Amino acid sequence: MKHTYRGVVVRGEGKGVALGFPTANIPLSDRSLSGIYAARVAVKRGEAPYMAAVYADQERKLLEAHILDFTDDLYGCEIEIELLKKIRDGKRFEDNAALRVAIVEDIKNVRAYFAKKRVMIFGTFDMIHQGHENLFEQARKLADNPHLIVSVARDTIVKRIKGFHPKNTELARLAALAEHPHVDEAVLGDAEGYIEHVLDARPDIIALGYDQEGEFVQNLADDLKAAGLETSIIRLQSFEPEKYKTSKLAFIPPIL
């Protein structure tokens, strides 16, 4: 999941400060959010974002971001909060002592989320076969503590490159991958180009399939450098390509 919200920091009730965890709060109109999230907070345009533990407070209609390793006063400043992963549901606590214990645990979990190595792979994935299973396994082995992100090619991109539409829609393919036990995060690729969604993912490693070629691959290293990303590029090994290749498998059942 990824949701981005921008707003001007407003004053809250000071509860975070009293607990020792000050927050930067922006108005929240999205009613679908609840609980605690690992997030990035962009304070100044052009600068790297900070890690944050963010609480979606539906009662007060606020996103409350405790920005890790940051102490500046942001009242009146515009910030951008990007929610990356839900850590837990919201709950009420008996007293401030219990709340503080929970916040400490939330921050620990947020740091653990960001400590993972982010590994990204790309493909159509019109069906998930043993070759893909091996691809996922190889990609996960590139890091001791991996967070595997799978980029799913858009229908229009598949049609342009392969000359035909995939059997399953991009949303069906995305949903199937999001449920796969080896996949931590599934995202849709860009409708044009590719670098924007890579910037959003900020991978530490991009793992290319053994047969992935073309302009995207040729320009990848230069495009990553130009975007300010220090991402490693690793080519994965093939796994019985004469057998496990989607184009060679006779029937691709639609994902219902």
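This note sets out numbered points on the predicted model shown above.

1. Basis of the model. The structure is a predicted model, in which local features need pLDDT of at least 70 and side-chain atom pairs count only at pLDDT 80 or more, while totals for chains, interfaces and linings use all residues. Residues are numbered from 1 along each chain as its sequence is written, and side-chain values use heavy atoms, with hydrogens and water left out.

2. Overall content. The protein holds seven helices and eleven strands; these are DSSP runs numbered from the N terminus, with helices being H or I of at least four residues and strands E of at least two. Along the principal axes, the C-alpha atoms fill a box of roughly 65 × 40 × 35 Å. The accessible surface is about 14,500 Å², and 50% of this belongs to carbon and sulfur atoms (Shrake-Rupley method with a 1.4 Å probe; for residues, only the protein chains shown count as cover).

3. Burial and contacts. Of the 256 residues, 42% are buried (buried is under 20% relative accessible area, exposed over 50%, partly exposed in between, with a 1.4 Å probe and protein chains only). Taking contacts between residues at least 6 apart in sequence, 72% join residues at least 24 apart (a contact means heavy atoms within 4.5 Å).

4. Six strands form an open sheet in the order 1-6-3-4-5-2, with antiparallel pairing (two strands pair if DSSP finds at least two bridges between them). Strand 1 (3–8) and strand 2 (24–27) are at the edges with a single partner strand each, so one side of each is left without a neighbour in the sheet. From one strand to the next, the twist averages 35°. Strand 4 (residues 50–57) and strand 5 (residues 62–67) run antiparallel and are joined by six bridges; Ala-52 stands opposite Ile-67 of strand 5.

5. Helix 2 on the sheet. Helix 2 (residues 96–115) lies across strand 3 (35–42), strand 4, strand 5 and strand 6 (78–88), and runs at about 95° to strand 6 (axes are lines fitted to C-alpha atoms, for helices over the stretch in contact, and angles run from 0 to 180 degrees between N-to-C directions).

6. Strands 10 and 11. Four bridges join strand 10 to strand 11 (residues 232–235), and the two run parallel. Leu-208 has Arg-235 in strand 11 as its bridge partner. From strand 10 the chain passes through helix 7 to strand 11 in a right-handed β-α-β crossover (with the strands pointing away from the viewer, the path from the first strand over the helix to the second runs clockwise).

7. Gln-212. This residue sits in the loop between strand 10 (205–208) and helix 7 (215–226). Gln-212 counts as buried, at 18% relative accessibility. Its side chain reaches the backbone nitrogen of Gly-209 at 2.8 Å (a polar contact is a pair of N or O atoms within 3.5 Å; within protein, one must be able to donate a hydrogen and the other to accept it, and residues adjacent in sequence count only if both atoms are side-chain atoms). Leaving aside residues up to four places away in sequence, Gln-212 touches Phe-122, Gly-123, Ala-207, Val-217 and Arg-235.

8. Positive phi values. Most residues other than glycine have a negative phi. Lys-61, in the loop between strand 4 and strand 5, has a positive phi near 55° and is partly exposed, at 37% relative accessible area. Phe-125, in the loop between strand 7 (117–123) and helix 3, also has a positive phi near 55°, but Phe-125 is buried, with a relative accessible area of 5%.
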